[in-house]
Amino acid sequence: MAEPADRMNQPLLRAVGLAPGHRLLDLASGTGEPALSAAALVGTDGLVVATDLVASMLEGTRRRAAQRGTGAMHFSLADMEHLPFAAGSFDRVTCRFGLMFVPDAVRAAAEVARVLRPGGVAGFIVWGPAEENTLFRELATAVDTVLGPDLEAGMPVLFRFAAEGSLAATLSKGGLEVTDEQPLRLDHSVPAGRPFWAPTLDMGFAPRLAGEPPERLAAVAQAAERRFRDLAGPDGMVPVRLHARLCIGRKA
């Protein structure tokens with residue numbers, strides 16, 4: 001999934017106008033993107049600060065940076081509602097698929113506005129409608145097949161900003177001037193025999209799977225594998241659609 005992930009990274013980095021010498025704060029860096037890609041763009045005169053709320057995720061980003069020999073990077077545990085940085089510290093802020101999980105997203109947007117310098121730009125990517133995201137749609141069906149339907153357990157947090165305009169409204173309430181909001185749609189194909197769906201199952205469905213015995217988890221994985229194998233064409237490739245939303249805000 002690295003190639004489609006990069007095809008999400010690049011529009012985000014272009015939209016915020018990242019350039020050599022910039023100081024960038026990347027929120028909810030997870031396994032390292034787009035922070036690692038951004039570090040290559042800002043160069044030795046710039047700085048990328050990769051953050052996450054989970055120490056083990058941030059440690060993974062640190063390892064990947066070391067393997068790549070990436071310079072100009074710092075790493076910081078950070079709660080998006082209470083960022084540990086001084087006002088006006090950054091030229092740019094990015095957040096890819098992280099804002100949905102923040103309890104008070106308006107407060108997080110206000111924190112982003114605080115740490116940006118005047119004229120600074122922030123970019124956010126969130127998921128679009130669930131039905132237009134193949135991974136989530138098929139995995140939800142696989143989980144329901146094994147564990148039974150559970151209307152309470154859906155994925156409302158993941159798709160919190162799926163409606164057009166909802167993310168822009170949140171950023172505006174936080175004090176950012178919204179300059180652009182656009183859909184990001186990506187179609188690609190993945191070999192059916194590759195478990196490309198496993199990370200999404202592990203992370204996106206973690207609350208639903210928590211506490212299930214190993215045999216039930218194995219059954220869910222087998223059901224998911226069957227779902228995607230059945231989607232494969234004659235060439236053995238599974239068509240996968242991603243639909244996200246990109247929103248850009250500026251600090252006046």
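Let's start with burial. Of the 252 residues of this protein, 48% count as buried, meaning under 20% relative accessible area with a 1.4 Å probe, protein chains only. A word on the source: this is a predicted model, where local features need pLDDT of at least 70, side-chain atom pairs count only at pLDDT 80 or more, and totals for chains, interfaces and linings use all residues. Residues are numbered from 1 along each chain as its sequence is written, and side-chain values use heavy atoms, with hydrogens and water left out.

Now the overall fold. The protein has nine helices and seven strands; these are DSSP runs, H or I of at least four residues for helices, E of at least two for strands, numbered from the N terminus. The radius of gyration, over C-alpha atoms, is 19 Å. Contacts next, meaning heavy atoms within 4.5 Å. Among those with a separation of 6 or more, 81% join residues 24 or more positions apart.

On to one helix pair. Which residues of α5 meet α9? They include Leu-135, Leu-139, Val-143 and Val-146. On the α9 side, Val-220, Ala-223 and Phe-228 are among the partners. The contact residues divide into twelve nonpolar, two polar and three charged.

Finally, geometry. The axes of α5, residues 134-147, and α9, residues 214-231, come within 8 Å. They cross at roughly 135°, with axes fitted to C-alpha atoms over the stretch in contact and angles running from 0 to 180 degrees between N-to-C directions.

How values were computed: Ala, Val, Leu, Ile, Met, Phe, Trp, Tyr, Cys and Pro count as nonpolar, Asp, Glu, Lys and Arg as charged, and the others, Gly among them, as polar. The radius of gyration is taken over C-alpha atoms; the globule rule is 2.2 Å times the number of residues to the power 0.38. Buried means under 20% relative accessible area, exposed over 50%, partly exposed in between (1.4 Å probe, protein chains only).
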